[in-house]
Amino acid sequence: MSDSNYNKTAERYQKYVMQTYSPKLVLVKGQGVYVWDSEGKQYLDFAAGISVCNLGHCHPAVSEAIKQQVDRLVHVSNLYMNEVQPLLGEKLVKAGFDGVVFFANSGAEANEGLIKLARKWGSEKGKYEVISMIDSFHGRTLATLAATGRSKYRIGFAPDTPGFVQVPFNDIKALEAAITDKTAAVLLEPVQGEGGIMPADPVYLKAVRDLCTEKGIMLMFDEVQCGVGRTGTFYAFQGYGIEPDALSMAKALGNGFPLAAFMAKKEFAQVLTPGTHASTFGGTPLACAAGCAVLDTISKEKVLENCVKQGRYLQEKLLELAKKYKFMKEIRGKGLMIGVVMDCEVAKLMAEMMNNGLITLSCGENVLRLLPPLTVSKDEIDQAITIMDKSFAAVGS
Ligand SMILES: Cc1ncc(COP(=O)(O)O)c(C=O)c1O
């Protein structure tokens, strides 16, 4: 046992990798909604790399696009144009609103870009403050941590970057009261992810839009987790019938290949002139080839339709299960971004489900988070529900 693949990797991991995570599995292969560990065990992956592999693991169209591009041109820096970056920009704009795109590599980097955009835009008017939401999550860099409403992530990293204020989510009066003549922007996730899968109330979001317009404040959405089809529309804002002035995206944009972006309406984006913002690796031809394949596949394979259909089905099946297990208190979410509020220890349930071959996530306070690939089938959802049933029965209430 001591020289098993798992033990060898775990030993090296302990010795050579900074211990900021506590992973339990060594995963070696993925295909569609399935992954396999170092001992050959198969799992249904209802985490999808935390909403990254939205087209499933190793989708052939994305793999093929990467293979083609890797032998043609990988990187040239942004001192030169490459052919693929503007192609992806066009696709992202046409899928959303009339704006322009800046390419980055991670969600935090994209959000840093949004914050810099807000400050640059506000600078001539003496505005710099960003209002964000309690229970929000925007990343682990110092500015995105300061924007993050989940204060536990900031412990030990004081002093906070100044210029951020947090208000309760879905509370328009609190937002109105927090606005001052220093407010440059409001930043929020249309569906909060890490905070516990909490969708914005449509009436609230419309009121936020109106308030920002009335007060001359930028409205910025963090769609890093809820974007790229996760909630059933390509951008989450499209499920609400309003438009932000700018938004960030990452995670699923490259289906696992690191790729992020922020997009802004031209009237705002014009303040970011040459030299004011940059990223060495942002928008390489290789990353953008993966991104183009993701967007093409989403439309070609009717992925959004499947997300809506299977999201409804998964919620129905969870509601049925909730009749049997009283510790399942609430089921909420949009599309295939689903949270189950539990009145028991979620970690125990997750460990049992993993034992039984189902990978899930948690978030917020005792919320089980389900983020399967958007390509998941009814049959795969049935398999997951069977595992949940068996695991919940074993762990009890
Ligand atoms: C809504 C949201 N914003 C930002 C981030 C940070 O993204 P990254 O880890 O790619 O920096 C995350 C990551 O979970 C997220 O869920």
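In strand β14, M337 is the bridge partner of K334. Helices (H or I, at least four residues) and strands (E, at least two) are DSSP runs, numbered from the N terminus. The structure is a predicted model, in which local features need pLDDT of at least 70, side-chain atom pairs count only at pLDDT 80 or more, and totals for chains, interfaces and linings use all residues. Residues are numbered from 1 along each chain as its sequence is written.

Strands β13 and β14 (residues 337-342) pair in the antiparallel sense over six bridges; two strands pair if DSSP finds at least two bridges between them. Both belong to an open sheet of four strands, ordered β13-β14-β17-β16, with antiparallel pairing. The edges are held by β13 (328-334) and β16 (361-363), each with a single partner strand, so one side of each lacks a neighbour in the sheet. On average, neighbouring strands of this sheet are turned by 30 degrees against each other, direction ignored. Helix α11 (residues 303-324) lies across β13, β14 and β17 (367-370) and runs at about 175 degrees to β13. Axes are lines fitted to C-alpha atoms, for helices over the stretch in contact, and angles run from 0 to 180 degrees between N-to-C directions.

A further open sheet has four strands in the order β1-β2-β3-β15, and its pairing is mixed. Here β1 (27-31) and β15 (358-359) stand at the edges; each has a single partner strand, so one side of each is left without a neighbour in the sheet. Strand β1 pairs with β2 (residues 34-37) in the antiparallel sense over four bridges. G30 stands opposite V35 in β2.

The axes of helices α4 (residues 84-95) and α10 (residues 285-300) come within 8 Å and cross at roughly 35 degrees. In α4, V84, Q85, L87, L88, K91 and A95 meet P285, C288, A289, G291, C292 and L295 of α10 (contact: C-beta atoms, placed from the backbone, within 7 Å). By class, this contact has nine nonpolar, two polar and one charged residues. Ala, Val, Leu, Ile, Met, Phe, Trp, Tyr, Cys and Pro count as nonpolar, Asp, Glu, Lys and Arg as charged, and the others, Gly among them, as polar.

The shell around the ligand has five nonpolar, seven polar and three charged residues. Helix α5 (residues 107-123) gives the largest share, three residues.

The chain averages a pLDDT of 97, and 99% of the residues score at least 70; pLDDT is the predictor's confidence in each residue, from 0 to 100. Confidence is lowest in helix α1 (residues 5-16), at a mean of 95, and highest in strand β10 (residues 218-222), at 99.

Technical notes. Contact = placed C-beta atoms within 7 Å.
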